[in-house]
Amino acid sequence: MELTINDITCTFTPGQTILEVATAHGIFIPTLCHLPNCTPTGACRICVVEVRGARTLVASCAAPAAEGMIVGTDSDRVLRARKTILRLMLDSGNHDCLLCPAAGDCVLQSLAFRYGVGTGTFGRPKPRHRPETGNPFIVRDFSKCILCGRCVQACNEVQVNEAIDYGYRGAATKIVAGCDSTLGESDCVFCGECLQVCPVGALSIHDARGKARLCETRPVRTTCPYCGVGCQMDVHVKDGRIQHVLGAMDGHNEGSLCVKGRFALDFTAHPERLRAPLIRRDGELVPAGWDEALDLVASRLLALREEHGPRSLGFLASARCTNEENYLFQKLARCMGTNNVDHCARLCHASSLEALVQAFGSASPTNVMADVVNAEVILVTGSNTTETHPVFSSRIKRAARSGATLVVADPREIGLTRHADLWLRPRPGTDIAWINGLMHVILSEGLENRDFIDRRTEGSEELREALAVYTPAYVQTATGIPAADLVRAARLYARAGAATILYCMGITQHTCGTDTVLALANLAMLCGQVGRPGAGINPLRGQNNVQGSCDMGGLPGVLPGYGRVDDDAALGRIEGLWKMSLSKTPGLTATEMFASPELRAMYIMGENPALSDADASHAQARLAALDFLVVQDIFLTETARLADVVLPAASALEKDGTFTNTDRRVQRVRAAVPCPGEALPDWRILNLLGPRLGVPMGYDRPEEIMREIALAAPIYGGIDYRRIRREGIVWPCPDQAHPGTPILHRETFPRGLGRFIPTHPQAPAEVPDEMYPFVLGTGRVLEHYHTGTMTRKSEGLNRIVPECFVEMNQEDAARLGIAHGRRVRVASRRGEISVRAEVTDRVARGHLFIPFHFAEAAANVLTNPALDPLARIPEFKVCAVRVIPE
Ligand SMILES: Nc1nc2c(c(=O)[nH]1)N[C@H]1C(S)=C(S)[C@@H](COP(=O)(O)OP(=O)(O)OC[C@H]3O[C@@H](n4cnc5c(=O)[nH]c(N)nc54)[C@H](O)[C@@H]3O)O[C@H]1N2
Ligand SMILES: Nc1nc2c(c(=O)[nH]1)N[C@H]1C(S)=C(S)[C@@H](COP(=O)(O)OP(=O)(O)OC[C@H]3O[C@@H](n4cnc5c(=O)[nH]c(N)nc54)[C@H](O)[C@@H]3O)O[C@H]1N2
Ligand code: SF4
Ligand code: SF4
Ligand code: SF4
Ligand SMILES: [Mo]
């Protein structure tokens, strides 16, 4: 279809607005209230245009384009209208550009300049709002607000946090949080989406005056160093310091970030950053030079290998480090003669890895996050998505708003339960029962996908027999989920044109984790809900680069690209590439390293097991008892304090490389600020150490390492820095011409047929009794990350969540006489911590929740190190404790 704008013929597709058509043809129309992907409001009217035949001017952001339309965007009438609108806006507030933090990056300022409009024309009294500064991140100054409403749309339609709205009426209209409270007292989660879209200076960052204005800074495109969503961000830098962080509009996150990505990169400049290597002398860690430290590491590791053999050495790789660094790290370990290399994936998705390899032949998330829009039903289980994958959760909430059915299965009330059509609330550790129950209902109602089962799977008959006992009545008793809800969920999932499963630690971190993931895989295959747009099974990857460190072979049983170490062909290929002969004996897992008396030395790059391992006191004792411990970190962590040598590393903001997010998307990481002191990027440290251990390295740039990765791991075969300059590529990407693979298992599974492996419920390793009557679950909060080494260096985050707490049900609290906010002791068979009581309905009676971010009240002092027999993952989600009021 065609229309004419300013005498230029423009083609368009039905449904486009005049504004969209103009923009697509490079014709400028000013906007203030317009936000892409949101309902047009036409609130500011600055985008008015003249349409021949229309009596009044038309707001182009809301008016649909029509065949043959004749549009003028810069007639006198249009310009007059725009100037009047600008005058009214400038008049309505304190638009003093000299003192405004948004100057140089303000749409109002640039339009005023463009249209030659000064201020003060109507002489109206200026508003006298006092800026709201009470929260640590966002300053709200409504004397500059032009009521464009973009912040309201960003909060409600984009992030779906529903914290702010219009309040009052007429001239008193204003943007309010909650019932006109401060942002800090409202539901605001400080994602900063509103801040990023505000076209003027009404919303600005805290301490703006101590920083450079946006227009004075240089942007560096990089990937967020926190969670597996892998948001793309522009880090704005001046004078070697990070000044602002903006979400990249052209990234897969479409401009969104969460509070950590946007506001918590201040750890990079923290005074406690490691600035020089440290060596233990007379019991004290003292500064040393690089040569001295690396020589010591090399001589001790070589001596211990000489004396006790290569299997006495253990290596922990890092899901916080880049692909290039993990690749070099496992290369170093393997070339030293051991496959004893593992990392935190063991504590995380080891059970997914084990189960999905058995069922499908590959364990990676099957669909990219953006594909969730294609799902009619979204089943989220054991994932507190709004807090742990926040920007992805916004996509899920948007999908639910536009009609997708959201089913949440979680023992705890979480952010998503409010948006769910159905919330199943199983007792912790009972997931296999309800998942089997869903399949029982599906089979008994004939809702299974016969065609998929016949063509793509094997073992369905055994499954059918195994499921006979899981009637809704049985499941209700076993899990606490009402029978009717189970039936409803089964019908929703099975009947959906496309349904996707998203799951995380609530499923995996159990002694029955592998079996629970197998049950989910059975469910997906039974209904043919995998291998299509909107249909898949997605173990959400947690860390920024946990997908990548697995891909790089940071695991004891597999090489880069997932060839098995005990497979001659796979091993032979890598031996040829490295020109080294390697061990074909699978190594110890991280959890086994801590149990094995064989182990004499460890090299830990970017992990903090002294706090993150189950039964942390035992883990600490084990680390302390090693003959030699090297820790390479950005801070002197609880683990580093136990080391013989500490090597200071550059953080993600100080080096180049790539991270692979939960999409399997390989994205660039770029240095934005200089390394502190003598700290070096991990890849450089390994490059210096390798030759000292007889392992050839010699890489000048991370890009060279990626070239070798492409040879070592065929799934990365077509990935190079040039191709991922702007946008990441989703592996498998076997060659340079391949566009990447957003959806896995479309035609076949990597193992050929998908395999049904029936599983049955098992009780957790430790169940409540008279001495320890509560079930404790551990996990995360939005504002903090793991052992807190980074987020607890952020002043703002610490103001929001300053200390550890235990969530406890109101009835339990009342029975024990514990008031909200009171300190209590929580004790298990392994230890005891002191925390503040958070009395709430979020957890059910008999259940407790404690986040594991706080060293001074470490949840892992309490947790049970019992392992899943196959995956060797500890049972972080269930142990038995008692609560004693202090
Ligand atoms: N803010 C923040 N974000 C993070 C991280 C962080 O530390 N902080 N860490 C990252 C990493 S590495 C990971 S692995 C992910 C983890 O992300 P999640 O797995 O979402 O995080 P957890 O807090 O461990 O929460 C797990 C969820 O499982 C539920 N759950 C507990 N027990 C059970 C059960 O028996 N059955 C079921 N069905 N559900 C249960 C809990 O109620 C909770 O909602 O987060 C990543 N993102
Ligand atoms: N109770 C309980 N415990 C748990 C869990 C739970 O749910 N409950 N979850 C488990 C899970 S899923 C995970 S993934 C683990 C996480 O366990 P860990 O990986 O041990 O925890 P982190 O605190 O992320 O440790 C990462 C370390 O890397 C450092 N670091 C950051 N960037 C860099 C870098 O560029 N280079 C180097 N060299 N170091 C860097 C950080 O300072 C930090 O010390 O915790 C597990 N532990
Ligand atoms: S920071 Fe995020 S949650 Fe808070 S008001 Fe702005 S958009 Fe809403
Ligand atoms: S605060 Fe900013 S984004 Fe929100 S209505 Fe006012 S001017 Fe628009
Ligand atoms: S959602 Fe994850 S990747 Fe995105 S900004 Fe937050 S922590 Fe970073
Ligand atoms: Mo994790």
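**Close-up 1. Helices α9 and α18 cross in the right-handed sense.** The model is predicted. Helix α9 spans residues 350-359 and helix α18 spans residues 513-526. Their axes lie 8 Å apart, and the helices pack at an angle of about 40 degrees. The two are therefore oblique to each other. From α9, the contact takes in Ser351, Ser352, Glu354, Ala355, Leu356, Gln358 and Ala359. Facing them in α18 are Gly513, Thr514, Val517, Leu518, Ala521 and Met525. By class, the residues of this contact are seven nonpolar, five polar and one charged.

**Close-up 2. Helix α2 meets helix α3 at a crossing of roughly 135 degrees.** Helix α2 runs over residues 76-91, and helix α3 over residues 107-115. Their axes come within 10 Å. An angle of roughly 135 degrees makes α2 oblique to α3, because only angles over 145 count as roughly antiparallel. The crossing of α2 past α3 is left-handed. On the α2 side, the contact residues are Leu79, Arg82, Lys83, Leu86, Met89 and Leu90. On the α3 side, they are Leu108, Leu111, Ala112 and Tyr115. Eight residues of this contact are nonpolar, none is polar and two are charged.

**Close-up 3. Three strands form an open sheet in the order β26-β27-β28.** Pairing in the sheet is antiparallel. Strands β26 (657-660) and β28 (729-730) are the edge strands. Each has a single partner strand, so one side of each is left without a neighbour in the sheet.

**Close-up 4. Strands β26 and β27 pair over four bridges.** Strand β27 covers residues 665-669, and its pairing with β26 is antiparallel. Which residue of β27 is the bridge partner of threonine 658? The partner is arginine 668. Helix α8, residues 323-335, packs on the sheet. Helix α8 touches both β26 and β27. The direction of α8 makes about 90 degrees with that of β26.

**Close-up 5. Residues 217-272 carry a domain annotation from UniProt.** The record, an unreviewed entry, labels this stretch "domain: 4Fe-4S Mo/W bis-MGD-type". In the model, the chain over residues 217-272 is 9% helix and 36% strand. The end C-alpha atoms of the stretch are 26 Å apart.

Key:
Residues numbered from 1 in each chain as written. Chains lettered and ligands numbered in written order. Predicted model: local features only at pLDDT ≥ 70, side-chain atom pairs only at ≥ 80, totals over all residues. Heavy atoms only, no water. Axes fitted to C-alpha atoms, helices over the stretch in contact; angles between N-to-C directions. Parallel < 35°, antiparallel > 145°, perpendicular 65-115°, else oblique. Left-handed = near helix turned anticlockwise from the far one by under 90°. Contact = heavy atoms within 4.5 Å. Nonpolar A, V, L, I, M, F, W, Y, C, P; charged D, E, K, R; others polar. Pairing = 2+ DSSP bridges. UniProt positions renumbered as here; feature names shortened; annotations may be inferred.
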